[in-house]
Every structure is written in structure tokens, then in C-alpha cells.
Amino acid sequence: MAKALITGISGFVGSHMAEFLLKKNIEVVGTIRHRSRMNHIEHLLQDIRLIECELRDPFSVESLIGEEKPDYIFHLAAQSFVPTSWNSPIDTIHNNVAGQVNIFEAVRRFQLDTRIQIACSSEEYGQVEPDEVPIREDNPLRPLSPYAISKMAQDYLGYQYYKSFGLHVVRTRTFNHTGPRRGENFVTSNFAKQIADIEKGKRAPIIYVGNLEAKRDFTDVRDVVRAYWLALQNGEPGECYNIASGSCCTIKEMLELLLSYSNVQIEIKEDPTRLRPSDVEILLGDYSRFHQTTGWTPEIPFEKTMLDLLNYWRSFP
Ligand SMILES: Nc1nc2c(ncn2[C@@H]2O[C@H](COP(=O)(O)OP(=O)(O)O[C@H]3O[C@H](CO)[C@@H](O)[C@H](O)[C@@H]3O)[C@@H](O)[C@H]2O)c(=O)[nH]1
């Protein structure tokens with residue numbers, strides 16, 4: 001039985017990745033930190049093994065990798081919320097970069113042929129010119145946040161460890177993704193939760209928003225974890241791949257879709273604290289390289305993803 005290690009297994013993508021791998025009969029081991037919340041993986045606890053590991057600590061990571069010797073690593077643990085990276089840039093950079101270097105160093109030290117997927121991001125493209133969409137992998141990277149810088153560093157470290165040491169690293173540059181269990185800070189979940197709370201009478205019928213003009217390319221998380229699996233089956237080591245839907249909408253259009261699922265009358269109000277020092281205007285991905293290599297295409301329509309997300313928040317008391 002093949003063994004997969006998922007870093008950040010208790011997170012949004014990690015929990016969906018675990019579900020996907022279990023269905024494929026893969027043994028699943030995951031890292032958590034002592035203060036990780038377990039609500040996303042409670043239903044899986046019989047079937048997975050959890051190991052407490054601080055990824056920033058090279059010694060913990062070395063003993064984890066040395067003991068487990070996984071066939072696959074899905075490296076999903078990260079500080080993934082863009083605004084947090086402005087409040088505390090060094091924490092984001094340290095967390096995201098050091099954690100990954102420690103994994104690479106441990107795999108190298110034990111001379112494992114582990115296949116490693118690393119979660120890079122479309123945020124790396126940053127400032128995109130109108131004639132550059134849909135964005136291909138060879139587009140210049142013009143990062144607009146410390147988070148984007150941390151992901152560029154992860155991305156290029158993946159390239160470098162492949163070139164220098166032959167590590168089997170596949171770099172997935174994932175565009176926005178959402179679905180049930182998405183953290184409530186992120187825009188899709190934040191709006192869906194506000195609407196669900198209004199429906200329950202828990203708050204006044206006003207939805208607070210930030211920049212509604214930004215355009216984003218959303219893929220369902222369940223399509224994304226299937227892409228990560230295929231990346232390690234058929235992806236070229238050292239290569240980077242866009243994971244995207246190939247279409248985008250404004251945040252306003254996404255909000256209108258959510259509101260169309262609700263019967264309550266809701267006022268929209270801008271909350272200035274939700275605006276960012278610089279916001280990426282448009283992310284629209286060309287995923288043809290990944291499609292040609294793996295045959296992957298997204299399957300779940302955006303309308304279903306957003307309805308599932310709203311129903312997820314409606315399911316809480
Ligand atoms: N979070 C949030 N964003 C808002 C809001 N109102 C408008 N927005 C806008 O909605 C867009 C999406 O914001 P997020 O959901 O926070 O995601 P992101 O910054 O695009 O980053 C996500 O996608 C990246 C891939 O492109 C991921 O790498 C990253 O981890 C994250 O999932 C941004 O343009 C943001 O300004 C709000 O109330 N809250």
C-alpha cells in the first residue's frame with residue numbers, strides 16, 4: 001500500500017486531500033500542530049494517522065520524514081491568507097519558506113525518491129497586463145504581497161531542489177479555490193457565512209465587503225485535490241503547472257450568485273478595513289499545460305461549488 005504524507009491535513013485543502021486519497025486506498029499520514037483545530041477531519045480520524053510536527057523546526061521534520069519515508073508528500077501547510085502577510089510579513093515568509101526547505105532537506109538526507117507536490121499560487125503572477133490573460137506559466141511574476149513572495153520562494157526552491165539534487169518536485173500554481181470547509185476569512189466563505197447568519201437572524205441584513213472589482217478564477221477544491229494527485233502521477237518533476245478553471249468573474253458577480261440563492265433582502269456595504277494596500281486586479285489561468293500532461297479538466301460547475309459552500313454554512317446552528 002502506497003503511503004502519502006499530507007502537511008496541514010487539518011486545513012481546508014488538507015481535509016479534502018485526505019478524503020480523496022483514502023478513496024484511492026492510499027495510507028494517509030498527516031501533520032498537525034498542537035493548536036490545530038480538528039473539526040474538518042473529525043470524520044476521518046479512524047482512517048488516518050496524525051503526527052504533531054512543527055514544520056519550521058528542522059529536527060522535527062527530519063525525524064518525521066525518516067520514520068515515515070512516504071511515497072508521496074502533498075505539502076499543503078502554509079500561512080495562506082494574503083492580508084495576514086501584510087500584518088506580519090516575516091511570519092508568512094518564515095512559515096512558508098522554512099517549512100518547505102526542511103521537508104526538502106529531510107527527503108534529500110534520507111535519499112528518498114518521494115514524489116513531492118508543492119502548493120504554489122496564482123498570486124505569484126500579481127500584476128497582470130490585459131494582453132496577458134489567460135495567464136500561462138511563462139508569464140512574468142510581478143508579486144504584490146509578502147504572501148506572493150513566499151509562494152515564489154517555495155516555487156523556485158522546488159525548481160532548484162529538482163535541478164541541484166534531482167528531487168521529484170511538482171510545482172502546482174493553483175488559482176483561487178473554494179468549497180465546503182473554506183476558512184471564513186476568504187471571500188467566498190466570508191460572504192456565504194454572512195448570508196447564512198443573516199438567514200438565521202444572527203445578524204442584521206447588511207453584508208460587509210471589500211474590493212468587489214477584482215476578478216478571480218475559481219475552481220472547486222474537490223477538483224483541485226484530484227489535480228494534485230494527477231500532478232504526482234503524470235507531472236514532470238521540476239515543472240510548474242497552472243491549476244485553474246479557465247474562466248473568471250468579478251467578486252461582485254460571485255456575491256450576486258450567492259445572493260441569488262437566498263430569499264432575504266440584503267444591503268451591501270463597503271468595509272474599508274477589508275481593502276488591501278495593493279490587490280491583484282485579475283487572475284485568469286490557462287491550464288492547458290496541465291491538461292496536456294495529465295488529462296485533467298475541472299468538473300464541478302462554479303454554481304454548484306457556491307451552493308455547496310452556502311449550504312455548508314447553513315448547516316451550523
Ligand atoms: N477575504 C476577503 N476578500 C475580499 C472581500 N471583499 C472583496 N475581497 C476581494 O476578493 C478577492 C479574493 O480574496 P481572498 O478570498 O482573500 O483570496 P486571494 O487573496 O485571491 O487569495 C486566495 O487565492 C490565492 C490563489 O490566487 C491563494 O494562493 C490564497 O491562499 C488564497 O486562497 C480579493 O481581490 C479581495 O480583495 C472580503 O470581504 N474578504
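Modeller: In this predicted model, Ile 6 has Phe 74 of β4 as its bridge partner. The two strands concerned are β1, residues 3-7, and β4, residues 72-75, which pair in the parallel sense over 4 bridges. In general, the strands of a sheet pair through backbone hydrogen bonds, in either a parallel or an antiparallel arrangement.

The pair belongs to an open sheet of 7 strands, with parallel pairing and the order β3-β2-β1-β4-β5-β6-β11. At the edges stand β3 (49-52) and β11 (240-243); each has a single partner strand, so one side of each is left without a neighbour in the sheet. From one strand to the next, the twist averages 25°.

Asn 25 is placed in the loop between α1 (12-23) and β2 (27-32). Its phi is near 65°, a positive value in a residue other than glycine. Pro 134, in turn, lies in the loop between β5 (115-121) and α5 (146-165). A cis peptide bond joins Val 133 to Pro 134, with omega at about -10°. As background, most residues other than glycine have a negative phi, and most peptide bonds are trans.

To the contact, domain 1 supplies 15 residues and domain 2 supplies 11 residues. On the side of domain 1 that touches domain 2, the residues divide into 9 nonpolar, 4 polar and 2 charged.

The ligand also relates to this division. Both domain 1 and domain 2 give residues to the shell around the ligand, so the ligand lies between them. The residues surrounding the ligand number 22, and the closest are Ser 80, Ser 121, Val 187, Gly 210 and Ala 214. By class, the shell around the ligand comprises 9 nonpolar, 8 polar and 5 charged residues.

Finally, there is the matter of annotation. An unreviewed UniProt entry lists residues 5-306 under "domain: NAD(P)-binding". Over residues 5-306, the chain is 39% helix and 17% strand, and the end C-alpha atoms are 29 Å apart.

Notes:
Residues numbered from 1 in each chain as written. Predicted model: local features only at pLDDT ≥ 70, side-chain atom pairs only at ≥ 80, totals over all residues. UniProt positions renumbered as here; feature names shortened; annotations may be inferred. Pairing = 2+ DSSP bridges. Axes fitted to C-alpha atoms, helices over the stretch in contact; angles between N-to-C directions. Near = placed C-beta within 6 Å. Nonpolar A, V, L, I, M, F, W, Y, C, P; charged D, E, K, R; others polar. Domains from an automatic or database assignment. Contact = placed C-beta atoms within 7 Å.
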